[in-house]
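I opened the model to look up a few things and wrote them down as I went.

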Amino acid sequence: MEPHDDHPHVPGPSLWPVGFAVGIVVLLIGLIVSWWVAGIGAAVALGFAFMWVRDLTAGTALTHVPAVPPESPTGAAIPAPRGGPAMPPSEPGDRYPRSKFLELSTLGLGGVIGGLVTAPALGFMIAPAFLKQGFKDHDVGPLSDFPEGKYVVTTFTSDASQGTVSRRTAFVRYNGDLNGQPSFTCISNHCAHLGCPVQPNGPLNNAGTKQFQDVTLIPTISIAGFGCPCHGGQYDTEGNRIAGPPVRALDRYSFSIRNGRLFLGAPFSVSHVDGTGAQAKIHKWPFSFPGEHVNGIESWLYPIQPPH
Amino acid sequence: MATRRLTRSEQLQQTIMYPVDWLEERSGLIGGVRYFLFRKVPGDTNWFQTLGAATLTAFIVQALTGSILAMYYKPDPNSAYESIQNITNNVWAGWLVRGMHRWGASVFIILMFMHMGRVFLFGAYKYPRELNWIIGVLLLAMGLGEGFTGYLLPWDQTAYWATVVGININGTAPFLGPFLAQFLQGGTYINAGTLSRFYAIHMLMIPGAIAALIGLHLYLVVRLGVTSPPWSKEAAGTGPLNGAVTTEKRQGLTRFSQRRNGR
């Protein structure tokens with residue numbers, strides 16, 4: 001094995017990387033703000049990257065081939081043989097010899113076959129996580145099981161085929177009627193910090209537990225809000241964050257009433273809630289993962305949500 | 001010309017060496033392994049430079065114990081926990097193999113960090129070894145990925161909620177974080193398929209990538225040689241034999257190789 005010298009082949013100082021970095025930043029900002037800005041950022045980044053690479057290659061053997069001194073023959077010149085040239089002028093076809101064609105076609109064909117095999121496999125791995133998602137409405141019982149002004153811890157299996165792993169919990173409170181329609185607050189128990197199960201801050205009336213099919217209803221006696229056992233996030237009775245690391249209010253479930261029964265629907269995210277009970281104004285956002293800001297400047301970090 | 005009759009020990013040696021010679025003649029593997037094990041290193045290497053080999057050993061232990069555990073583990077939400085209980089309580093020496101895998105995981109991570117610290121403090125990441133540092137960083141990330149995906153497999157409350165938190169931390173990464181979280185879960189929520197997904201990532205995808213990168217890592221170690229400690233008086237490029245070995249050491253090695261070659 002040949003010894004390696006420890007003399008670093010590093011390029012000299014250059015300012016081009018700074019311009020490149022600025023271009024990348026503008027590009028990223030452009031992804032959020034506008035495609036035009038993103039295009040400008042990409043152009044700046046590409047331009048500076050080119051200059052940088054040009055600088056890097058300037059001092060290497062890649063571009064500086066040592067000059068070969070021209071041969072200086074001595075003695076008398078040897079007369080050229082009479083007749084035609086030793087090598088006939090190359091045919092136009094020789095510029096692209098058969099071996100080159102076979103080499104490129106083998107590589108190209110291999111690439112196509114590789115792509116044909118890889119693309120479906122990658123799709124098989126990735127696509128199912130994003131397709132056919134959604135949340136089926138779930139019957140959680142008759143309206144009479146939800147006393148006015150009291151939260152009921154409502155647990156149900158959202159997808160029977162998945163089993164226990166799909167158990168979900170909502171804190172459901174009947175707020176009385178609003179404009180002649182029953183009003184419910186249906187808060188998800190997924191902490192808006194990192195998804196741990198929040199608990200009611202108050203005693204439960206376990207004796208009043210009701211169960212039918214896969215649904216369990218445990219009434220609360222009196223709760224002062226919700227708290228997360230993992231990292232101490234605290235929420236008020238409307239699900240607004242009041243302390244700890246959560247970045248927004250607790251998510252909620254949409255609901256509907258059919259034949260006197262309450263159905264929980266798709267969940268959605270909430271930045272905050274003004275007011276309480278039936279009069280509450282809910283600031284609603286598309287369903288987002290825990291820990292994601294849904295409004296404010298931090299929400300720019302999550303411009304696109306995967307299909308839920 | 002009369003041939004000398006071989007002594008009994010020579011006959012025995014020939015018999016033993018025959019398959020080795022057979023393999024060497026057809027593959028060159030014996031010479032390759034011998035070169036790898038007996039290659040020249042700086043004379044003043046020290047025990048800290050064994051941390052990489054220790055990390056490799058920890059990985060091999062994880063690979064072996066993991067393969068054995070896979071014979072008994074069932075990556076299904078309805079039977080995963082019970083299969084772990086079965087391994088621990090019923091299968092012969094199951095508690096030992098599972099314990100080796102469980103604690104070996106921590107040993108692997110700790111050794112990776114110690115090896116990384118040694119490389120950093122010795123300045124062994126500098127030219128021309130930058131690429132090997134980058135490969136090492138990838139190996140570290142994959143080792144952490146192994147820890148993350150393996151943690152879900154016992155499928156108990158700790159495993160489940162730690163994974164919920166871990167996935168949601170991934171989800172908070174800018175731009176692609178939510179997509180990464182949903183990919184890891186295999187859906188909007190953790191579901192029945194998440195466990196087998198983590199199992200496949202844990203025991204096939206990442207270990208395969210780690211093994212390939214370890215091969216590349218070792219190739220570069222052999223190609224570029226081992227660095228001297230920073231306090232070495234034989235700074236690279238200035239000492240005898242370009243800092244690879246001292247003259248004394250070289251003579252010693254020459255004598256050693258002559259003995260081995262029967263000269």
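The entries below go from conventions to chain A, the interface and chain B.

Conventions. I am working with a predicted model, where local features need pLDDT of at least 70, side-chain atom pairs count only at pLDDT 80 or more, and totals for chains, interfaces and linings use all residues. Residues are numbered from 1 along each chain as its sequence is written, while chains are lettered from A and ligands numbered from 1 in the order in which they are written.

Sheet in chain A. I looked up the strand order and found an open sheet of 4 strands, β5-β8-β9-β10 of chain A, with antiparallel pairing. Its edge strands are β5 (199-200) and β10 (241-243) of chain A, each of which pairs on one side only. Strands here are DSSP runs of E with at least two residues, helices are runs of H or I with at least four, and both are numbered from the N terminus. Two strands pair if DSSP finds at least two bridges between them. β5(A) pairs with β8(A), residues 226-227, over 2 bridges in the antiparallel sense. I noted that A:Pro200 lies opposite A:Phe226 of β8(A).

Interface. I found 29 residues of chain A in contact with 31 residues of chain B, a contact being two C-beta atoms, placed from the backbone, within 7 Å. The chain A side has 16 nonpolar, 10 polar and 3 charged residues. Nonpolar covers Ala, Val, Leu, Ile, Met, Phe, Trp, Tyr, Cys and Pro, charged covers Asp, Glu, Lys and Arg, and the others, Gly among them, are polar.

Chain B overall. I read 10 helices and 0 strands in chain B. Of its 263 residues, 28% are buried (20 or more other C-beta atoms within 10 Å of the residue's own, with C-beta atoms placed from the backbone). Among contacts in chain B between residues at least 6 apart in sequence, 65% join residues at least 24 apart.

Helix pair. Helices α3 (51-70) and α5 (94-121) of chain B pack at about 155 degrees with their axes 8 Å apart. Axes are lines fitted to C-alpha atoms over the stretch in contact, and angles run from 0 to 180 degrees between N-to-C directions. α3(B) and α5(B) are therefore roughly antiparallel (over 145 degrees). I counted 15 nonpolar, 8 polar and 2 charged residues in the contact of α3(B) with α5(B).

One loop residue. Is B:Gly43 buried or exposed? B:Gly43 counts as buried because 21 C-beta neighbours lie inside 10 Å. I located B:Gly43 in the loop between α2 (29-38) and α3 of chain B.

Conventions
A residue is buried if 20 or more other C-beta atoms lie within 10 Å of its own, exposed if 12 or fewer, and partly exposed in between; C-beta atoms are placed from the backbone. Angles under 35 degrees count as roughly parallel, over 145 as roughly antiparallel, 65 to 115 as roughly perpendicular and the rest as oblique.
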